[in-house]
Amino acid sequence: MIQRTMYVLAVQDLQSSAKYYKEILGFNVHEIGDDGWRMFVRDGCRIMAGHCPDAIPGKELGDHAYFAYLVLDDAEAYYSEIVEKKAEVTKTLRDESWGMREFGIRTNDGHRIMFGQEIG
């Protein structure tokens, strides 16, 4: 049984990423006992970010920068919340034929996240 999911990302500027996840996406930022790592937490989602200044930037990974699909209980409310905070939207909120109302964003590091809500 999978109890929860956690994602691990390499970021070039850990402080900037922590600020983005907190101020734009509404995550809490936790120290985890190592200055090179932070945990971004919102509800059931955990993202571990590691300071990797020499890693390929997320925005240069193309399709591989897409790392998560997070299912929400109110996609429209969260979409409005983060758009107001100037999140970079890669796909506007819309209903899809596969039964999801979804949207996509690109983080300040260039990583892409899709968000969706079951409709139907």
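User: Against which strands do the buried residues of α2 pack?

Analyst: This is a predicted model, in which local features need pLDDT of at least 70 and side-chain atom pairs count only at pLDDT 80 or more, while totals for chains, interfaces and linings use all residues. Residues are numbered from 1 along each chain as its sequence is written, and side-chain values use heavy atoms, with hydrogens and water left out. Helices (H or I, at least four residues) and strands (E, at least two) are DSSP runs, numbered from the N terminus. The buried residues of α2 pack against β3 (37-42), β6 (88-95), β7 (100-106) and β8 (112-118).

User: Which residues of helix α2 are buried, and why are they on the same side?

Analyst: An α-helix has 3.6 residues a turn, so residues three or four places apart point the same way. Buried means under 20% relative accessible area, exposed over 50%, and partly exposed in between (1.4 Å probe, protein chains only). In α2 (residues 75-84), the buried residues are Ala-75, Tyr-78, Tyr-79 and Ile-82. They lie on the same side of α2 because they cover an arc of only 105° around the axis, the arc being that of the directions from the helix axis to the C-beta atoms. Just after α2, Lys-86 takes a positive phi of about 75°.

User: What is the order of the strands in the open sheet?

Analyst: Strands of a sheet pair through backbone hydrogen bonds, either parallel or antiparallel. Two strands count as paired if DSSP finds at least two bridges between them. Here, 4 strands form an open sheet in the order β1-β4-β3-β2, with mixed pairing. The edge strands, each pairing on one side only, are β1 (5-11) and β2 (28-31). β1 and β4 (residues 45-51) run parallel and are joined by 7 bridges. Within this pairing, Val-8 stands opposite Met-48, and Ala-10 has Gly-50 as its bridge partner. β3 and β4, by contrast, run antiparallel, with 6 bridges. These two strands form a hairpin with 2 residues between them, and Asp-43 in the turn has a positive phi of about 50°.

User: Where does helix α1 lie?

Analyst: Helix α1 (residues 14-23) lies across β1, β2, β3 and β4, and runs at about 5° to β3. For such angles, axes are lines fitted to C-alpha atoms, for helices over the stretch in contact, and the values run from 0 to 180 degrees between N-to-C directions.

User: Is Arg-38 buried or exposed, and what does its side chain reach?

Analyst: Arg-38, in strand β3, counts as buried because its relative accessibility is 7%. A polar contact is a pair of N or O atoms within 3.5 Å; within protein, one must be able to donate a hydrogen and the other to accept it, and residues adjacent in sequence count only if both atoms are side-chain atoms. The side chain of Arg-38 reaches the backbone oxygen of Asp-35 at 3.1 Å, and a polar contact of 3.2 Å joins it to the side chain of Glu-31. In β4, Ala-49 stands opposite Arg-38.

Conventions: Contact means heavy atoms within 4.5 Å.
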